[in-house]
Amino acid sequence: MTKPPRKPSQPLLGDAEAPIRSRPRRRRDPAQSQLLLDPMPARIEPCLALLKPRPPKGPQWTYEVKWDGYRLAVHIEPSGVRILTRGGHDWTERFPAILAEARRLPVSTAILDGEAVVLDVQGRSDFGMLQQSLGGRGGKRTSRDAIFMAFDLLYFDGHDLTGNELASRRHLLEGLIPAGSEDAIRLSEEIDADGEQLLRVACEHGLEGIIAKDRNSPYRSGRLGDWLKIKCIQSNGFAIVGYEKSTASFGGIGRLLLAARKGGELVYVGGVGTGFNERSASALREQMERLIIAKPPVDIGRKRNAVFIEPKLVAEIEYRAWTHDGKLRHASYKGLRDTADGASVYEFE
């Protein structure tokens, strides 16, 4: 005799007349009740590019120009637009042109990842010009010259896109921001080319370098190797530990004394005496004079006319190579990095 089917411990449906509802994916944000899918994150830690000496090989890699400016995230929200720096600081009011253009984009909610830049007459990004437009490090001026080069789309009309591959995120981004736009928000266009050849052309045109991205990768915060940067000229942040005085140089600065990190400590890596103009040198000297200390914070050897400062200022320095004893070769000063831009000091591996 066949046994009747075992009665389930819990009914599949509580009430036969009640409507069937699926389990919600996650708890909704009550402030965004109109979104049917993913609550909009308040902030996403940026994906950072890993420095490599040469472009990678393989069909999964796509390329872009490396922009030299401030990394920003533009949040288009139901309550308005927010512009956040890499360090999470709200700089919305400092970029009025980008803010106005973000309000005009045909989207209800979005998070754009990109770089704020100021372009020179040749169309190249110039970090020094961007800093001057903002009033220098620690300045509070607004920049009407800055534009936003968008290179990723992390959230779009209620959908969290960070788990999607780059190729699909770019497809949606290119539908939102058309290529060739001359507005304050522009598309950082992908370049279909051989990486070695593209790097050579970029260097010939005076660009900082190129970025390689794995088109199959999701958006992962941190420096994990999904994005790579290959530079024509090396450039990194170094702590200023002092300066040598000179009556013949701008601002009385003969040479900045620089340090990098090694094993958790600062080590002297040489100096830089070029790249200043009268305005930048005077502003830098004023900031350094507030940090003067009696003894050098690192061992710099014997230096004439040296003034030592607390290592609180981070200078962006271009250089060609390193000497055998760990000093910078052919160094040039570009400007001061701001803590809001995630300023970090170069660290020896």
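Me: Where does the charged end of Lys 262 sit in this predicted model?
Reply: Over the ring of Phe 348, 6.0 Å from the ring centre. Lys 213 does something along those lines too: its charged end sits over the ring of Trp 227, 3.9 Å from the centre. Phe 348 also belongs to a cluster linked by ring pairs, along with Phe 238, Tyr 319, Trp 322 and Tyr 346.

Me: Why is the pair of Tyr 70 and Trp 91 called edge-to-face?
Reply: Their planes are 80° apart, and anything over 60 degrees counts as edge-to-face. The centres are 5.5 Å apart, and rings pair within 6.5 Å, so this is a pair.

Me: How do you know whether Trp 91 is buried or exposed?
Reply: Buried means under 20% relative accessible area. Trp 91 has 9%, so it counts as buried. Phe 95 has 1%, so it is buried as well.

Me: Which residues have the most contacts inside the largest nonpolar core?
Reply: Val 74, Phe 95 and Leu 112, in a core of 30 residues. Strand 3 gives the largest share, 4 residues. Val 74 touches Val 81, Ile 98 and Phe 148, among others.

Key. Residues are numbered from 1 along each chain as its sequence is written. This is a predicted model: local features need pLDDT of at least 70, side-chain atom pairs count only at pLDDT 80 or more; totals for chains, interfaces and linings use all residues. Side-chain values use heavy atoms; hydrogens and water are left out. A nonpolar core is a set of buried Ala, Val, Leu, Ile, Met, Phe, Trp, Tyr and Cys residues joined through side-chain atoms within 4.5 Å. Buried means under 20% relative accessible area, exposed over 50%, partly exposed in between (1.4 Å probe, protein chains only). Helices (H or I, at least four residues) and strands (E, at least two) are DSSP runs, numbered from the N terminus. Contact means heavy atoms within 4.5 Å. Rings of Phe, Tyr and Trp (its six-membered ring) pair if their centres lie within 6.5 Å; planes under 30 degrees apart count as stacked, over 60 as edge-to-face and the rest as tilted. A charge sits over a ring if NZ of Lys or CZ of Arg is within 6 Å of the ring centre and within 35 degrees of the ring normal. Lists of a residue's contacts leave out its neighbours within four places in sequence.
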